[in-house]
Amino acid sequence: MEKILDREVAWRIFAYEYNRSNLYVSEGDDRAPNYIVTPTGVKCNRLFITGVVTEVENIKADNNLWRARIADPTGVFTVYAGQYQSEAAIFLSELIVPAYVAVVGKARKFEPEEGSIYTLVRPEEMNKADEKQRDRWVLDTAERSLERISLVEEALRSGASGNDLREQLVTKGATPVHADGILRAIEHYRNLESILQELKHMIIHAIKTVASDHDANITEKPLDKITEEIEPPEKVPDVTPEQGPKEAIAEIIERLDTGKGTSYASIVDAALAAGIDGASIETGIKELMSEGRCYEPKIGHLRKV
Amino acid sequence: MDIEIAPHVDEIRKALAIEIDSDKLAADLKRLLEFRVPVEEAKRSLIKKYGGGEKSIAKKLKDIAIGDLNIEVTAHILEITKRIITVKKAEKTIFSGILGDETAARSFTAWNDLGLNVGDHVNISQAYVRNWEDRPEVNLGNRSKVIKLSTKIDIAPTGIKKKISDLRDGDVNVESVFTVLKVEFHEINTKDGIKNILNGIAADHNTKVPFTSWILVPEIATGNTIEVKNAYVRSFRGVPTLHINENSKVTKLEMNIQYNEPEKVMIGDIIEKEGAFDTIIEGNILSIRPGSGLISRCPECSRVIQKSVCRVHGKVDEKTDMRIKAIIDDGTGSLTLVLNSELTQKIMGITVDRSKEIAKAAMSQKAVEDEIKRKLLGKILAARGNMSRGEYGVTLVATKVWESPERNGERALELLKRAGYGKNT
């Protein structure tokens, strides 16, 4: 009996840490999950954010691709939702900013050129939230982040490496996966100590923004500017890794079919509406036909086999 | 001889009643492996070829695995209950219970009356192992042989000292110290008629587990802190349960262990365990799984059904009900939270009738699921219940669910202190 894979935990990470992350690892075969390894050693495949949407942009008008900026007290997450995240895309398109939102998403990278990695979020679920939920998220994220920082700091201080360090981390309470992430982070990030110091600083700032609402002795202004703001380049990342246009067309042909096939024109219309370009539609249909997956019951009509 | 196949050859030799030359067996085995025959199948066919198969492979109970065939175990009967089941519309009497050896305790089912009694020390051969609630269960079928042994149970003089939180399914000869939080009499039907047993809750400083005592001793009373020797552990619905029987020794201690209910546990910590009893967790709802919202149940067996057809009872007059299956995640781990009808209605603030109206207005049952998503996705919920690990991952079936009072301000100050910052720094 094959056990189902354990669900990847949704990490609580501040935008500051996430945006500083530029280590991407992929383990094993194609179906193995990919991770963004952050400076505190999180092997992040999924994350949970509660923040404020400050901007929603339809970056490809003919294509249903939406980009949103979601701010927390330390920085801004960039979220992309396209045709394959249609629920999230619809949610974003109807949103009036600024708005509190909760997002469960996959950690993704965008590498416009060799060596420059940007971290993005591809939403799985989105919902409206409120201020209390945001504050709670800030505190949960702060607590989790501080725990991770102290593990990494201790690892750095110990001077241990390799399997010794791995074992030491596990006895200190790290999971084996997190221990592995910490080893990778230590190897990859130069000046990790100072990155962690800055991160700690940001975490304190984030907690203070919550505390200042409740204790008049604590005052905390929002950041003047976001340090090392990362503006994703205008090039658009591919948000369709799982499914090529061909599969999308196959679905359209099946969906539109009323039993007698569907006219070529209406398939093209539907495919264009789904954001697939003309050339891909043509090659997609050709390939489906040559693979014997669809046929022409009469001229100008297509039907799935 | 090839190092890799040597252990397999040994195993084959052990399974045979007659002596066969190792090299000959190795050559035969290699030949089969060259044909890319799976190792297990190759071994089985060789055992058969040399007249084996009569002799079972001796195993310790801790080593048995689902799918094992023709095994031999030597164990004592810890419990046995007569049950009447319906097989192909005919009633059949079977016997099920618990077997224990020095390595583990496992459940068993005997499909015929083999005259087994509690306390018997037996050698069982030609038995097989099936899956019962995701755990291996020894099955005694028509071909199984049972020899009653005159030797007494060989319990190691010193038991394994375990904390309540360390108890695992299958543990035997366990020694533990705990406080009895609650105890109740129960009447159950056994092979020899009605028997009184005790069911209760045992606890140490921070963990609770259910227990069952097959003996009625005065030491097991609410509030007593007791030491139990030679007890064993079996899982019931995925939660480890401590069993005390005739062979166990119960002593009342003069000390008192005070149980302090933990406010909550981190999900990452409990999913490491195989099960947890009456646990409190808190996390964000990250996904509402299909099959949440308005559902239809068979009125006979309460199975969830589609289109008024139950897979056991056929066409039925379906009963409408509600439930939620959700992923809850606190940043350290995630599990599936199951809310029953009552809890679903409470947390959603809508009744089944109101849900029916919502579904009717939208002409879709999915409308209720969407309503649940709108209300709960991203929210923080706290829940209490039993956690178990099964085929579909880790699940917590809630007995209670609530929203914790907001205390962001206080917590922010606590966190600042922990991060090494006082006020105004």
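Biologist: What is the order of the strands in the open sheet of chain A that includes β2, and what is the pairing?

Modeller: The order is β2-β3-β4, with antiparallel pairing. A strand here is a DSSP run of E with at least two residues, a helix is a run of H or I with at least four, and both are numbered from the N terminus. Before we go on: this is a predicted model, where local features need pLDDT of at least 70 and side-chain atom pairs count only at 80 or more, while totals for chains, interfaces and linings use all residues. Residues are numbered from 1 along each chain as its sequence is written, and chains are lettered from A and ligands numbered from 1 in the order in which they are written.

Biologist: How do you know that β3(A) and β4(A) pair?

Modeller: Two strands pair if DSSP finds at least two bridges between them. Strand β3(A), residues 34-37, has two bridges to β4(A), so by that rule they pair. Within this pairing, A:Val37 sits opposite A:Lys43.

Biologist: Why are β2(A) and β4(A) left with one side lacking a neighbour in the sheet?

Modeller: Because β2 (23-26) and β4 (43-44) of chain A are at the edges, each having a single partner strand. Helix α5(A), residues 176-188, packs on this sheet and touches β2, β3 and β4 of chain A. The direction of α5(A) makes about 55 degrees with that of β3(A); axes are lines fitted to C-alpha atoms, for helices over the stretch in contact, and angles run from 0 to 180 degrees between N-to-C directions.

Biologist: What makes a set of residues a nonpolar core?

Modeller: The members are buried Ala, Val, Leu, Ile, Met, Phe, Trp, Tyr and Cys residues joined through C-beta atoms within 7 Å. Buried means that 20 or more other C-beta atoms lie within 10 Å of the residue's own, with 12 or fewer for exposed, partly exposed in between, and C-beta atoms placed from the backbone. The largest core has 142 residues, and A:Leu47, A:Ile70, A:Val103, A:Ile207 and B:Leu99 touch the most other members. Helix α6(A), residues 192-211, gives the largest share, 10 residues. Another core lies apart from it, with 13 residues, including A:Ile249 and A:Ile281.

Biologist: What does A:Val103 contact beyond its neighbours within four places in sequence?

Modeller: Among them are A:Ile49, A:Val79 and A:Met126. Contact means that C-beta atoms, placed from the backbone, lie within 7 Å.

Biologist: How many residues does each chain put into the contact between A and B?

Modeller: Chain B gives 30 residues and chain A gives 36. On the chain B side, α8(B) supplies the largest share, seven residues.

Biologist: How is chain A divided into domains?

Modeller: Domain 1 covers 10-211 and domain 2 covers 245-304, with bounds from an automatic or database domain assignment. Their C-alpha centres are 39 Å apart.

Biologist: How many helices and strands does chain B have?

Modeller: Chain B has eight helices and 23 strands. Buried residues make up 33% of its 425 residues.

Terms used. Two residues are in contact if their C-beta atoms, placed from the backbone, lie within 7 Å.
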